[in-house]
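Please walk me through this structure.

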Amino acid sequence: MLSGDLADGSTPIEVDDFSPLKDSKIPIIFTPGNHDYYPGLENVIKAAENANLKVLFNDKIEFKGLSIHGFFVSSILKPGVSIENSNDFSMINSDDVNIVINHFPVFWDEFKNMGVDIQLSGHTHGGQFYPIRFLIRIMFKYVRGIFKEDNKYLVVSDGVGTYQAPIRWGTDSEIILLRLKKILE
């Protein structure tokens, strides 16, 4: 599952740009992030679909007993946005095992209250380098790591890329592997 920013906004995206991902032996689910808007969201979505990625943009799929939802919700980019006025979340059934991909690590409390079990996010790059590492904590409560509350999880990945300067200092690129276990009652 990719929680956004397949594109970095520095170059145009052509339809074959993500074609190496076609070789994946497992399904790849992608929900756009803010950098995917810069070269044109429709270009990024076309290239992702051309690479056989399943694009979830305010949508959901069922996969092996999981309801996987993809949303683009941010109060950071558009002041005044709240979870109540941003999307239709009626597709989230609290009786299901729900995973939400939301690029921004925001609205975890609201998603938990809707019955979301795991929220997958990114955006922050873990702070990427000093002194940004300290500034990003002013903007986001959850910057990096795995957080648990009431058997609900928020996973915030540092991601594999960078923002602006192609450096990292004090953070690492990462791909997170989660193992989900069914709880027997």
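What covers the buried residues of α1? The cover includes β1 (29-30) and β2 (54-55). Bear in mind that this is a predicted model.

Start with the helix itself. Helix α1 spans residues 41-50, and its buried residues are Leu41, Val44, Ile45, Ala47 and Ala48. Look down the axis of α1: the buried residues fall within an arc of 165°, so they line one face of the helix. Just after α1 comes asparagine 52, which takes a positive phi of about 70°.

Next, the sheet. Six strands make an open sheet with mixed pairing. Their order is β3-β4-β5-β6-β8-β7. The edges belong to β3 (59-63) and β7 (145-149). Each of these has a single partner strand, so one side of each is left without a neighbour in the sheet. From one strand to the next, the twist averages 15°.

Strand β3 pairs with β4 (residues 66-71) in the antiparallel sense, over 5 bridges.

Is serine 67 buried or exposed? Its relative accessibility is 1%, so serine 67 counts as buried; the cut-off for buried is under 20%. The side chain of serine 67 makes a polar contact with the side chain of aspartate 96, at 3.1 Å.

Now turn to the rings. The structure holds 7 aromatic pairs. One of them joins phenylalanine 71 and phenylalanine 89. This pair is edge-to-face, with 4.7 Å centre to centre and 65° between the planes. What does the pair tie together? Phenylalanine 71 lies in strand β4, while phenylalanine 89 lies in the loop between β4 and β5 (97-102), so the pair ties together parts that are 18 residues apart in sequence. Phenylalanine 71 is buried, with a relative accessible area of 0%. Phenylalanine 89, at 11% relative accessibility, counts as buried too.

Phenylalanine 89 has another ring partner, phenylalanine 111. Their ring centres are 5.6 Å apart and their planes stand at 85°, so this pair is edge-to-face. Phenylalanine 111 belongs to helix α2 (residues 108-114) and phenylalanine 89 to the loop between β4 and β5, so the pair ties together parts that are 22 residues apart in sequence. Both phenylalanine 89 and phenylalanine 111 are buried. There is also an aromatic cluster, formed by Tyr37, Phe72 and Phe104.

End with a loop residue. Where does asparagine 34 lie? Asparagine 34 is in the loop between β1 and α1. This asparagine is buried, with a relative accessible area of 5%. Its side chain makes a polar contact with the side chain of histidine 103, at 2.9 Å. Compare asparagine 34 with phenylalanine 104: the two are 70 residues apart in sequence. In space, they are 8.9 Å apart, C-alpha to C-alpha.

Technical notes
Residues numbered from 1 in each chain as written. Predicted model: local features only at pLDDT ≥ 70, side-chain atom pairs only at ≥ 80, totals over all residues. Heavy atoms only, no water. Buried < 20%, exposed > 50% of the residue type's maximum accessible area, 1.4 Å probe, protein only. Helix = DSSP H or I, 4+ residues; strand = E, 2+ residues; numbered from the N terminus. Arc of directions from axis to C-beta. Contact = heavy atoms within 4.5 Å. Pairing = 2+ DSSP bridges. Axes fitted to C-alpha atoms, helices over the stretch in contact; angles between N-to-C directions. Polar contact = N/O pair within 3.5 Å; in protein donor to acceptor, adjacent residues only side chain to side chain. Phe/Tyr/Trp six-rings, centres within 6.5 Å; stacked < 30°, edge-to-face > 60°.
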